[in-house]
Amino acid sequence: MRLAEYLQMFLQNEEVRKRVVHVHLLEATAGRAGTLSRPLPEPLERALRVQGVGVLYTHQAMALEAVRRGENVVVVSGTASGKTLCYNLPVLESVLTNPYTTAFYLFPTKALARDQQEKLNNLGLFPQVRFGVYDGDTPPQERAAIRRGAHLVLTNPDMLHVGILPHHSSWARFLRQLRYVVVDEMHAYRGVFGSHVALILRRLRRLAEFYGARPQFILTSATVGNPQETAQTLTGLPCTLIQEDGSPRPRRYFVLWNPPLIGQNFERLSTNVESAAILTALAEAGWSTLVFTKARVSTELILRYAHDLAERRTPQLKERLMSYRAGYTPEQRREIERRLFSGELLGVVSTNALELGVDVGGLDVVVMAGYPGSITSTWQQAGRAGRRDREAMVILVAQDDPLDQYLMRHPEYLFGQPVEKVRLNPTNLPILKAHLCCAAYEKPLEPDDYALFGDAETCMSAIAELMSEGRLGAREGRWYYFGGGYPAGEVSIRTASGEAVVIRESLTGSELGRVEMERAYRTVHPGAIYLHQGESYLIDSLDDVQRVALATPVWVDYYTEPLVQVQLQVLSTHSSRWMGALEAGFGEVRVVEQVVGFRRKHLRSGEIIDVEPLQMPEQSYDTEGAWLTFDMLQFLRSLAGQFRQRGAAELDILALLARDVDRTTLVHTADGMIAMHGAEHALQAVVPLTCGCERMDVGSHFSWLVPAFGRSAIFLYDTTAGGTGISRGAYEEIEQLLQMASALVRECPCREGCPSCLHSPMCPARNGGLDKRQTLLLLEWLQEQRERAK
């Protein structure tokens, strides 16, 4: 049976038709061949013919020609479009004509490096071209041989940061002959991770130049909104953009699936339960399926539900369904990849660990358990189905979340909107300071390094702070690392602070996992449920001095969500503009957060079981924020007597949210406060649609009166110290965010506000103190004010 016929049959089911809100057909496209100015070396041409590569696509040929001209190149094309050849061809051509050439291949994950090693093996060019994977899984006895003899070293930014650059004297031969640096899957380097990687690449350039080399950079990426800007921010160098994708594409059917409403509170059936049912049905029909989740906990829950269904209906199927995520050993991950590629497995539930280009064969269906958070990631995940010219289906199962529900009602946004821009910030002060220490350890800093790591003022400020902290010292116009120890080993490039809490099993002391210190109070507070490899653990204690959380295995039918109270102070304004009677601004803010409780929610339904108060220590950090200021008294006057009497319970909630406002003022301004609370939630919910981030990456806050402005304000801020560029994007897109927030609230079928429009998982008031009508009035009033002359 063809997949199109199965889809037709699938849609005949009445329960399925209730859930499918849109089916979008993506027609197949033919490939376009490119031409070369001169032929490739004969051994390389022969290897390509053996692999079945008869002609090059246009983007592959254009990339090769640009690299031949000595340019830094960024190539943007779809999943399975042959991006690997865009860097393999020029690098291998160079090695075959000059055997002293060396190159670093950087991949965001270990799995990708191993996958690309296999592809190089298949070309059969060894020993003319010698290569090896150099990462945390590489046996010690192999590492010296790779350093001494490899032309190509396949690694990841983590290993480059902690295992190669600090030991550069051992890599002197390799660095002296370094001609190319390949950065694969560039779109993965966003936010905190991308900011770290940009500085690691600058450290690499600095050491390469010290040894006399100036390598070219070749970057490849899925479609992003600002590829050239991203490549240049990552490398600090001008880059030539190639974004003509000449590869053929198979026909794909894209299904938008919205779980049904249950009960009277406009809540929807669990996305995890729906995704498990879809996976089981597809596997029973023989279709190879990959389910993407947004979190490790969802991965294990969906697999558990799918196993339960298979046990009841098709017991033999259970062994052909597995999960794939971080936390498994390298051997376990590779075995899952092998079984999926061979067809031995019919279904795999994965975090975005499999989103990137690991070759797992031709999959029939991709299921997304919730919107991945960006249009870029959506198309990247969708591209895993239909590889090798096979017809494919993609199913996006919506969560009961404002972002997902907006897309269910606006499919044209998903299929017609340009993809988001990548946001990263290599001048983030905490991250910059960490890498200046690493750079000074590798080679003393000099004034010439200012231009490499940013502008002179930013670098001098960071160096001055590091000197006052005793981590750098000056000698004869150079700065040396005085901090002691091994600075790279103390800097985790996946987080801003680098500090982590170790989660240990309370009885055995075995390590279950780690969580960033800045997230610890939210995720491993006493009473929290921590999921590990499908098992639930109750957090007994959190020692934030020793950085250890103790956990006990338990069997419970709930999970937990933290309640976080926020206070915000504007420190400085970097940019502002008037929009009619509104003023938008962007600058530095100080955020003070405190976990004040947590919810227990039912595993399957997501219903709140109870709420437990908690008083964790306050955490404060300086970051970037965007804001919208307005005259709230004008809004209240515009209501013309349309006020509602607010009870004591609602006033208590507002007192929690606006601790700087006295009770008398709350009584007279309650409608305005409630409207701002809802508008804050709605604006925060739609930020990921324009800024390419997760909802948890952006915080929100409202204030009745901001002393710095003398007006009311709604804030959107980066939840990472120093900022990663998200709030800058929100400032640039604030007009569109207002329109989208209004549509989100206006078009939701609920009456009072629900998880699909106004509810936020980050709300410290448990989504109390909300009023859909007042929120919509404020959002529409703000749009009217935007049109007014100042």
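Let me start at strand S21, where Leu531 stands opposite Ser536 in strand S22, the two strands being joined by four bridges and running antiparallel; strands here are DSSP runs of E with at least two residues, helices are runs of H or I with at least four, both numbered from the N terminus, and two strands count as paired if DSSP finds at least two bridges between them. S21 covers residues 529-532 and S22 covers residues 535-543. Both faces of S21 are covered, with Ile529 and Leu531 buried on one side and Tyr530 and His532 buried on the other, where buried means under 20% relative accessible area, exposed means over 50%, and partly exposed lies in between, with a 1.4 Å probe and protein chains only. As a reminder, in a regular strand the side chains alternate between the two faces of the sheet.

Before going further, a word on provenance. This is a predicted model, in which local features need pLDDT of at least 70 and side-chain atom pairs count only at pLDDT 80 or more, while totals for chains, interfaces and linings use all residues. Residues are numbered from 1 along each chain as its sequence is written, and side-chain values use heavy atoms, with hydrogens and water left out.

Strand S2, residues 73-76, is also covered on both faces, with Val73 and Val75 buried on one side and Val74 and Val76 buried on the other. S2 pairs in the parallel sense with strand S7, residues 216-221, over four bridges, and there Val73 stands opposite Ile218. S2 also pairs in the parallel sense with strand S8, residues 240-242, over three bridges, with Ile242 as the bridge partner of Val75.

Now to strand S25, residues 582-602. How much of S25 is buried? The count is 17 of its 21 residues, so S25 is largely enclosed by the rest of the structure. Strand S24, residues 558-579, pairs with S25 in the antiparallel sense over 20 bridges, and Tyr558 stands opposite His602. These two strands form a hairpin with two residues between them, and Gly580 in the turn has a positive phi of about 65°.

Turning to helices, in H3, residues 42-50, the residues Leu44, Ala47 and Leu48 are buried. They cover an arc of only 100° around the axis, which puts them on the same side of H3; the arc is that of the directions from the helix axis to the C-beta atoms. What covers the buried residues of H3 includes helix H5, residues 83-97, and helix H6, residues 110-123, contact meaning heavy atoms within 4.5 Å. Just after H3, Gly52 takes a positive phi of about 85°.

Next, the nonpolar cores, each a set of buried Ala, Val, Leu, Ile, Met, Phe, Trp, Tyr and Cys residues joined through side-chain atoms within 4.5 Å. The largest has 91 residues, of which Phe254, Leu414, Met673 and Leu778 touch the most other members. Its largest share, 14 residues, comes from helix H24, residues 663-691. A second, separate core of 41 residues includes Leu106, Tyr134, Met159 and Ile200.

Leu414 lies in helix H17, residues 411-416, and is buried, with a relative accessible area of 1%. Leaving aside neighbours within four places in sequence, Leu414 is in contact with residues including Phe254, Leu256, Tyr371 and Trp379. Leu778, not counting residues up to four places away in sequence, touches Met632, Phe635, Ala675, Met676 and Ala679.

Finally, the whole protein, which has 27 helices and 29 strands. With 790 residues, a compact globule would have a radius of gyration near 28 Å, and the protein has 27 Å, which agrees; that radius is taken over C-alpha atoms, and the globule rule is 2.2 Å times the number of residues to the power 0.38. Buried residues make up 59% of the 790. Among contacts between residues at least 6 apart in sequence, 74% join residues at least 24 apart.
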